[in-house]
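Q: I have a model open and would like to go through it piece by piece. Can we start with one of the helices?

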Amino acid sequence: SGEIAVGKSSGGMYGGSGNVSGGTTLGGLSVVNPRVENYRDLINKHAARNGLAAELIAAVIQHESGGNPTIKGTSGEIGLMQLMEATAKRFGVTDRTNPDENIRGGAEYLKFLLRRFAGDVGAALTGYNQGEGTVDKVGGDISKLSKERQAYARDVGATYDRLRQDAKDVSAATGDISTGLAEVVKAANVTGQAIQGVDTSAQAATQSAKLWSEGLQLSAEEM
């Protein structure tokens, strides 16, 4: 199906306890910078195309650029997902300041890294920030890196986890609302059926009264 496998980070410290696959859509309730919300549709689109969790892409954007599409980093990285020139060329991005292109390139790079590191979110995030070579040197086990080098994966992973929890809360709330609406509809149907029954009974009573009246009239005529 092209979806990324379940992502488990080393030691479960980097937002890897859940599934990063399935093209989930962004809840976005706890994105620190509301500017990221402006790109919700693009995030959801490229998450779906790459089989990624939208929350993961949003978390990277939050930490890389805070939602600023034209920001430039000190090492030459540009745009929402802070793509280096070489990375942009690698994934066919010609304009790094274009939000659609930038998110596409960043999402495709995340997909590549997750596959390379067997779904390990922490390793993928470290590779995204410091290059996959850094992760290769420790055999994919980022716990062997210094705490400073682990910080990016830890921080982005925490935001990712928070966004995923928000998505679950929204889903649960939506489910409660749907259940409540279903009960209201059910009650309305029962009420409607009861009213229909009363109406039918009234019609029957009216018909009986009519027949009784006609019977009395005939009896009077016979007399």
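Q: Which residues are buried in H2?
A: In H2, the buried residues are Ala54, Glu55, Leu56, Ile57, Ala58, Ala59, Val60, Ile61, Gln62 and Glu64. Buried means under 20% relative accessible area, exposed means over 50%, and partly exposed is in between, with a 1.4 Å probe and protein chains only. Helices are DSSP runs of H or I with at least four residues, numbered from the N terminus.

Q: Where do these numbers come from?
A: This is a predicted model, in which local features need pLDDT of at least 70 and side-chain atom pairs count only at pLDDT 80 or more, while totals for chains, interfaces and linings use all residues. Residues are numbered from 1 along each chain as its sequence is written, and side-chain values use heavy atoms, with hydrogens and water left out.

Q: OK. How many of the residues of H2 are buried?
A: Ten of its eleven, so H2 is mostly covered.

Q: What is Ile57 in contact with, leaving aside its neighbours within four places in sequence?
A: Ile57 is in contact with Ile43, His46, Ala47, Leu52, Met81, Ile103, Ala107 and Leu110. Contact means heavy atoms within 4.5 Å.

Q: Which residues of H1 are buried?
A: H1 covers residues 40–50, and Ile43, Asn44, His46, Ala47 and Asn50 are buried there. They pack against helix H2 (54–64) and helix H4 (99–116).

Q: And what follows H1?
A: Gly51 follows H1, and its phi is positive, near 65 degrees. H2 is followed by Gly66, again with a positive phi near 65 degrees.

Q: Which residues have the most contacts inside the largest nonpolar core?
A: They are Ile43, Ile57, Met81, Leu110, Leu125 and Tyr128, in a core of 40 residues. A nonpolar core is a set of buried Ala, Val, Leu, Ile, Met, Phe, Trp, Tyr and Cys residues joined through side-chain atoms within 4.5 Å.

Q: Which elements give two or more residues to this core?
A: H1, H2, H4, helix H5 (121–130) and helix H7 (147–222) do. The largest share, seven residues, comes from H2.

Q: New topic: how many aromatic pairs are there in the whole structure?
A: A search finds three. Rings of Phe, Tyr and Trp (its six-membered ring) pair if their centres lie within 6.5 Å; planes under 30 degrees apart count as stacked, over 60 as edge-to-face and the rest as tilted.

Q: Why is the pair of Phe91 and Tyr109 called what it is?
A: The ring centres of Phe91 and Tyr109 are 5.6 Å apart and the planes are at 45 degrees, so the pair is tilted. Phe91 lies in the loop between H3 and H4 and Tyr109 in helix H4, so the pair ties together parts 18 residues apart in sequence.

Q: What about Tyr109 and Phe112?
A: That aromatic pair is stacked, at 6.4 Å centre to centre with 15 degrees between the planes. Tyr109 and Phe112 are three residues apart in helix H4, which means that about one helical turn separates them.

Q: Is Phe112 buried, partly exposed or exposed?
A: Phe112 is partly exposed, with a relative accessible area of 28%. Tyr109 is buried, at 5%.

Q: Which residues do the ring pairs link into a cluster?
A: Phe91, Tyr109, Phe112 and Tyr128.

Q: What lies over the face of Phe112?
A: Arg90 does, at 4.5 Å from the ring centre. A charge sits over a ring if NZ of Lys or CZ of Arg is within 6 Å of the ring centre and within 35 degrees of the ring normal. Arg164 lies over the face of Tyr160, at 4.7 Å from the ring centre.
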